[in-house]
Amino acid sequence: ELTTFVFGASGIGIGTGLRSVEDGIIAGNIATDCGNFGIFLEGQYNGAISTGAKIIGNTVMWNNRGIGDYGTDGTIIAENHILFNTTVGLKSGTAPFINPSQYARNGQYINNIIKNTSNIAVYIESKELGQRIADNIISSDYGYLGSDGIKILLFSGATVKELKIENNTIYRFYSKGISLEPNDGSAKYETVIISSNLIYDIGTSTLTKKPAILSNSNIANYLITDNIAYDTRSIGSKTQSYGLQISSGTIDSLSYWNNQFKDNADGLDSLLGTITSYGSPNPQKGDVLYEGAFNIDSDFIRVNRWND
């Protein structure tokens with residue numbers, strides 16, 4: 001157990017890549033008031049992309065950034081309290097000054113409590129994802145409103161095999177609950193799964209309402225299912241626009257069903273991207289419909305759209 005107070009740098013900063021497997025465990029520490037990260041893993045220049053690291057059961061608070069995973073493979077970040085950090089709560093990306101071509105991939109970010117980050121709570125910027133973000137409580141109290149709960153940014157030319165965002169509770173952010181954004185139109189996800197998340201009370205202004213889930217990316221196989229999104233505020237004061245908003249990007253196959261997007265300011269969804277096809281079990285014209293193929297909003301039950 002270690003308690004760190006480092007005003008100009010990271011509390012616990014570890015360079016990785018000496019070996020391809022580095023079974024390091026950072027557990028049970030308190031990192032606070034650090035000028036960079038509270039806890040930070042960073043791939044070194046010309047080093048291996050190492051696997052085996054675990055950051056478990058730490059308290060990381062009042063830092064510029066909370067926990068950083070830069071340039072490792074399969075790091076597990078679990079059961080941490082990540083509180084009151086300024087720029088970001090948990091960040092996965094590249095080491096810009098050490099090895100800018102080496103991105104974190106296949107990280108498992110699970111069962112963390114990430115609260116009152118002043119900007120982005122979970123921020124993934126990468127060319128090689130494979131991350132699973134699951135079972136976290138990601139929240140802001142009024143007075144500490146962060147911009148995004150989970151933000152995914154893909155860089156130019158990236159083709160990402162897999163991204164899973166599952167079973168998180170996300171609430172009170174002024175911009176988006178979950179956001180998938182490309183750096184440009186050349187990046188693409190092969191498979192994205194967004195399922196079983198609870199998202200509510202996104203946005204702060206009725207003039208600039210924000211969605212629970214925003215998707216502006218190219219995606220080959222997209223599954224959005226079993227999510228719940230709503231706005232608890234009274235009619236006229238609601239600022240969470242839609243459960244799902246797809247503003248741009250091309251989606252080859254979308255399976256979008258069994259979500260409960262209720263009591264949002266502007267309704268169930270807004271699907272403006274290019275959607276080539278809808279995957280099973282979405283209904284086609286003439287099909288017998290069943291409950292699993294429905295999304296629900298506050299006024300009526302509506303089936304997913306199909307192409308004419």
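View 1. D231 is buried, with a relative accessible area of 2% (buried: under 20% relative accessible area, 1.4 Å probe, protein chains only). The model is predicted: local features need pLDDT of at least 70 and side-chain atom pairs count only at pLDDT 80 or more, whereas totals for chains, interfaces and linings use all residues. Residues are numbered from 1 along each chain as its sequence is written, and side-chain values use heavy atoms, with hydrogens and water left out. D231 lies in the loop between β27 (228-230) and β28 (242-246); strands are DSSP runs of E with at least two residues, numbered from the N terminus. Its side chain forms a polar contact of 2.8 Å with the side chain of R233 (a pair of N or O atoms within 3.5 Å; within protein, one must be able to donate a hydrogen and the other to accept it, and residues adjacent in sequence count only if both atoms are side-chain atoms). A polar atom of the D231 side chain also lies 2.9 Å from the backbone nitrogen of Q240.

**View 2. Y109 in strand β13.** Y109 belongs to strand β13 (residues 108-110) and is buried, with a relative accessible area of 1%. The side chains of Y109 and D69 make a polar contact (2.7 Å). I77 is 32 residues from Y109 in sequence, yet their C-alpha atoms are 4.8 Å apart. Beyond four places in sequence, the residues in contact with Y109 (heavy atoms within 4.5 Å) include I77, L90, I124 and I133.

**View 3. I150 and its contacts.** Leaving out residues up to four places away in sequence, I150 touches V122, I133, I138, I165, N168, I170, G177, I178 and S179.

Methods:
Helix = DSSP H or I, 4+ residues; strand = E, 2+ residues; numbered from the N terminus. Buried < 20%, exposed > 50% of the residue type's maximum accessible area, 1.4 Å probe, protein only.
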